Amino acid sequence: MIIAMLLLFPLLAAVPLFTLRSRRAERSVLLIHALLTAGAVIYWWLTGTEDLIGYFRADRANLLFLALIAGVYCAVVPASYRYLEREKVSELWHRIYVVSMLLFVFSMTGAILSTNLGLFWVFIEATTLASAPFIYFERRQSSLEATWKYVFICSVGIAIAFIGILFLALAAKGVCDLFYDDLIRNAPSLGRFWLLFSFPFIVVGLGTKAGVAPMHSWLPDAHSEAPSPVSAFLSGMLLNTAFYGLYRVFQVLEAAGLRHEAALFFLICGFASLLIGAVYISGATNYKRLLAYSSIENMGIIFIGVALGGAALFAAFLHLTAHAFAKSSLFITAGNIAHRFGTKEIAGVSGLREADRSTGALWGLGFAAIAGLPPFPIFISEFLIARELVTQGRFGLLAAFLILVTLVLYGMARAAFRMYLGAAPAAAKAGRSRPIDWLPQALLLILLLLLGVALPEPLRLIIAAVGS
Amino acid sequence: MSQFLTILFGVGILYLALTSRMRTYIQVIALQGFILFLLIVRDIGHIDWFTFFFLAFETLAFKTIIVPAMLWRVVTRTHVAREADPHIPQFGSIVIGTVVFLSGFAVTDWVSRIDPSVDALAFGIAVSTLIIAFFIILTRKKLITQVMGYMLMQNAVSLLMSSMAIELPLLVNLGVLLDIFTLLFLFLLFLGKLHSTYEETSREKLTSLRDQP
């Protein structure tokens with residue numbers, strides 16, 4: 001019932017918006033949808049499992065991802081209000097923004113709730129279609145270029161994932177359908193050759209959407225060109241949604257006794273992403289692109305954690321949670337900075353602490369959270385991954401991990417301090433921030449601080465349940 | 001008969017490696033759609049009527065008529081008659097296309113030994129079609145040719161599915177069709193915008209967003 005409501009609401013609500021032509025109605029629908037999503041997550045957390053016609057299910061395995069969608073959505077809605085107000089968008093584009101947001105969240109929720117890999121594919125492809133108007137939203141020449149690259153590269157990637165899913169279906173032919181539970185239960189009976197053959201296709205395909213190297217080329221363009229609240233969603237949730245499907249297939253291979261082979265692919269993608277992050281963050285001149293490269297790096301860390309297993313598996317999902325909240329907060333704050341300074345170039349921003357204390361503080365704290373400074377949870381997740389590398393005796397990988405993470409920290413710190421310190425231009429000091437400008441990000445960061453200081457037992461169980 | 005159709009499907013894609021004319025690309029996409037329809041008709045006794053009507057609609061209406069018509073409309077609007085100056089010269093394309101096509105038969109032999117349940121010839125042709133479609137996407141400069149490469153890839157995926165005799169649930173099939181239709185619509189919409197922004201819709205024009213390490 002709740003699943004049906006959550007999936008039908010955005011579809012049914014989008015239709016009357018075209019006849020009502022009221023900005024207030026459009027914003028209300030967005031807020032109601034965000035609150036509904038949050039309410040549904042709380043309901044499932046309290047009651048456990050819910051199933052809809054066998055194809056959709058909310059349970060302990062996907063509750064973390066649903067909670068992240070709800071959390072990021074609740075922060076993105078007020079930020080979207082401010083963005084639409086500041087940019088003075090036309091009635092038509094206001095409607096396009098709201099409808100696209102409804103469909104985008106619908107497709108991500110559908111992907112997470114899907115119990116069938118084929119259906120997951122349909123929703124993942126739909127996320128590309130629903131989010132494409134956002135990348136083009138500011139209608140610059142660069143936006144058009146970013147949109148084309150985003151739609152084309154992701155669609156080719158997703159088509160490759162579909163080929164992998166077909167090979168997986170061939171491995172399961174005569175044994176079971178493409179339902180996750182069936183695949184995991186019957187994993188030892190699946191055709192090993194086709195199962196192993198399917199995995200590189202699925203990693204390349206869904207990895208493209210998850211933004212891991214070497215399939216990441218669309219990500220910095222799309223994240224930097226989209227409106228900042230949407231960048232928060234792209235980075236905070238879209239990458240995780242694609243990763244969710246990938247992890248489900250990883251579990252099938254693990255159950256089939258092919259963990260070593262699957263982990264190898266994840267390790268390669270993970271370290272390649274860390275390397276790309278380290279190299280490009282140091283040279284970034286645009287702070288939204290810097291945050292995008294940081295997303296590639298953080299997805300790499302998540303892949304490494306899953307590949308290592310053991311304590312690093314828990315660390316990977318803790319990292320995923322912390323990255324979703326920290327990066328959403330940073331992207332929303334980046335939107336405020338771009339509005340105040342009129343540029344996305346790092347060199348064009350200085351004296352943030354002086355120009356706007358709340359935005360400056362959020363930028364500084366957001367940097368601390370994403371860079372993994374204690375007591376933020378990314379410190380814990382990176383420490384656990386490093387410890388797992390020591391436990392497994394993989395000292396070469398440990399050295400590479402620590403060097404690359406340090407290079408990323410240096411690159412991020414250089415840009416963050418340059419923007420935070422110094423003298424602010426007079427024009428940037430004009431106007432004060434309203435609570436709606438800083439409250440959503442502040443709440444996300446406070447939540448992260450609490451998670452870092454003392455991880456509540458119910459949340460620890462939810463994070464642990466994803467990997468079980 | 002079905003072997004003849006499968007080989008014809010492959011010959012079509014081989015022909016594309018030799019040509020640069022947009023009209024030919026569209027004709028081959030339509031021909032492949034029609035061959036996929038005939039392969040569905042061949043299986044009429046093995047699938048239920050509902051699935052048959054769905055697949056017949058997908059292959060005959062969508063892949064044979066709607067997709068080529070939409071592509072043709074864009075080609076005539078943008079006045080792109082042929083792919084000029086590809087990254088790999090015509091002779092190189094011919095050699096690579098032929099090698100890939102012949103490799104498809106090697107794949108056929110390999111698959112028939114690994115898994116006898118797979119229609120090895122169709123599998124081999126589907127794999128070589130996929131590789132040539134990728135080759136077209138990577139080596140052609142015009143964005144419309146890249147879209148055509150993507151649609152050829154989708155045709156290859158349909159042949160691959162047919163070769164493995166895999167039936168996905170109708171809900172999934174419907175979703176896939178809806179996604180690909182919307183995607184094609186978006187491709188052509190943004191292609192139109194790119195055409196009105198840049199004088200020429202070539203990949204080489206899309207270089208403003210680049211980073212230096």
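How much area is buried between chain B and chain A, and what share do carbon and sulfur atoms give?

**Entry 1. Conventions.** I worked on a predicted model, in which local features need pLDDT of at least 70, side-chain atom pairs count only at pLDDT 80 or more, and totals for chains, interfaces and linings use all residues. Residues are numbered from 1 along each chain as its sequence is written, chains are lettered from A and ligands numbered from 1 in the order in which they are written, and side-chain values use heavy atoms, with hydrogens and water left out.

**Entry 2. The interface.** I found about 4100 Å² buried between chain B and chain A, with 79% given by carbon and sulfur atoms. Buried area here is the accessible area (1.4 Å probe) that two parts lose on being put together, summed over both. Of the area that chain B buries against chain A, F190(B), L209(B) and D211(B) supply 17%, more than any other three residues. I then looked up the contact, defined as heavy atoms within 4.5 Å; 46 residues from chain B and 44 residues from chain A take part.

I searched this interface for salt bridges (a side-chain nitrogen of Lys or Arg within 4 Å of a carboxyl oxygen of Asp or Glu), and the rule finds zero between chain B and chain A. Polar contacts are pairs of N or O atoms within 3.5 Å; within protein, one must be able to donate a hydrogen and the other to accept it, and residues adjacent in sequence count only if both atoms are side-chain atoms. Two residue pairs are in polar contact between chain B and chain A, both at pLDDT 80 or more.

On the side of chain B that touches chain A, helix 4 (90-114), helix 5 (120-139), helix 6 (143-164) and helix 7 (170-197) of chain B each give two or more residues. Helices are DSSP runs (H or I, at least four residues), numbered from the N terminus. Helix 7 of chain B has the largest share of that side, 14 residues. By class, that side has 32 nonpolar, nine polar and five charged residues; Ala, Val, Leu, Ile, Met, Phe, Trp, Tyr, Cys and Pro count as nonpolar, Asp, Glu, Lys and Arg as charged, and the others, Gly among them, as polar.

**Entry 3. The largest pocket.** On a 1 Å grid over the protein atoms alone, a pocket is an open set of points with protein on both sides within 12 Å along at least five of seven lines, a cavity is a set where a 1.4 Å probe fits but cannot get out, and lining residues have an atom within 4 Å of a point. Grid points are joined across faces, edges and corners, and a volume is the space filled by probe spheres set on the points.

The largest pocket has a volume of about 1000 Å³. Its lining has 34 residues, and L103(A), A126(A), L129(A), A130(A) and T182(B) lie nearest the centre. Helix 7 of chain B gives the most to this lining, 11 residues.

**Entry 4. Cavities.** I found two cavities of 30 Å³ or more in the whole structure. The largest cavity holds about 70 Å³, and helix 17 of chain A gives the most to its lining, with four residues. The second largest cavity has a volume of about 40 Å³. M412(A) is among the lining residues of the largest cavity and among those of the second largest cavity.

**Entry 5. Backbone.** I noted a cis peptide bond from A213(A) to P214(A), with omega near 5 degrees. Another cis peptide bond joins P374(A) and P375(A), with omega about 10 degrees. K88(A), although not a glycine, has a positive phi of about 50 degrees.
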